[in-house]
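Here are a few friendly notes to read beside the model. Please keep the picture open as you go through the points.

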Amino acid sequence: MAKPGATIIVSTPNVDSFRSRKYAFFRGYHKYFGPGVDGEKDSGHMLPVDAMFVTHAARKTGLELLQITTNRQPGKSWLKELLRPAFQASLPAFVRNGNLFYGEVAIYVLRKPT
């Protein structure tokens with residue numbers, strides 16, 4: 001249980017990225033969430049959660065979303081940046097940013113109101 005005013009940081013594989021979506025399109029599952037040899041998930045992650053799920057869950061539990069960022073942005077190019085508005089057009093404004101389009105790990109900074 002977080003105390004009022006506490007900052008909470010949540011990180012998860014970024015299934016909103018172009019790379020992860022491309023991976024899911026061609027393989028049928030997001031990167032880090034594929035079936036392993038023994039039937040377990042290949043990375044230990046149980047379920048892919050996107051930014052809309054995390055932000056909705058945070059709001060339902062009374063947390064404020066302060067920031068969404070990522071750890072690094074591999075594969076950034078002028079062509080992908082040109083295509084990004086079309087790929088993100090139907091997403092809510094808070095999700096339409098270059099961080100989530102490219103980043104490998106999504107990082108959510110949340111706060112419990114005082």
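**Notes on spaces and surface**

1. Helix α1 gives three residues to the lining of the largest pocket, the largest share. This is a predicted model, where local features need pLDDT of at least 70, side-chain atom pairs count only at pLDDT 80 or more, and totals for chains, interfaces and linings use all residues. Residues are numbered from 1 along each chain as its sequence is written, and side-chain values use heavy atoms, without hydrogens and water.

2. The largest pocket holds about 170 Å³ of space, and its lining includes F18, R21, K22, F87 and Q88. Two or more lining residues come from each of α1 (18-27) and α3. (On a 1 Å grid over the protein atoms alone, a pocket is an open set of points with protein on both sides within 12 Å along at least five of seven lines, a cavity is a set where a 1.4 Å probe fits but cannot get out, and lining residues have an atom within 4 Å of a point.)

3. On the surface, W78, L79, L82, L83 and F87 make a nonpolar patch with about 590 Å² of accessible area together. (Patch residues have over 30% relative accessible area and no salt bridge, and nonpolar side chains are joined within 5 Å; a salt bridge is a side-chain nitrogen of Lys or Arg within 4 Å of a carboxyl oxygen of Asp or Glu.)

4. L82 sits in helix α3 (residues 78-88). L82 counts as exposed because its relative accessibility is 60%, and exposed means over 50% (1.4 Å probe, protein chains only).

Definitions and conventions
Patch = residues over 30% accessible without salt bridge, like charges linked within 9 Å, V, L, I, M, F, W, Y side chains within 5 Å. Areas by Shrake-Rupley, 256 points an atom, 1.4 Å probe, with all protein chains shown as cover. Helix = DSSP H or I, 4+ residues; strand = E, 2+ residues; numbered from the N terminus. Buried < 20%, exposed > 50% of the residue type's maximum accessible area, 1.4 Å probe, protein only. Points joined across faces, edges and corners; volume = space filled by probe spheres on them.
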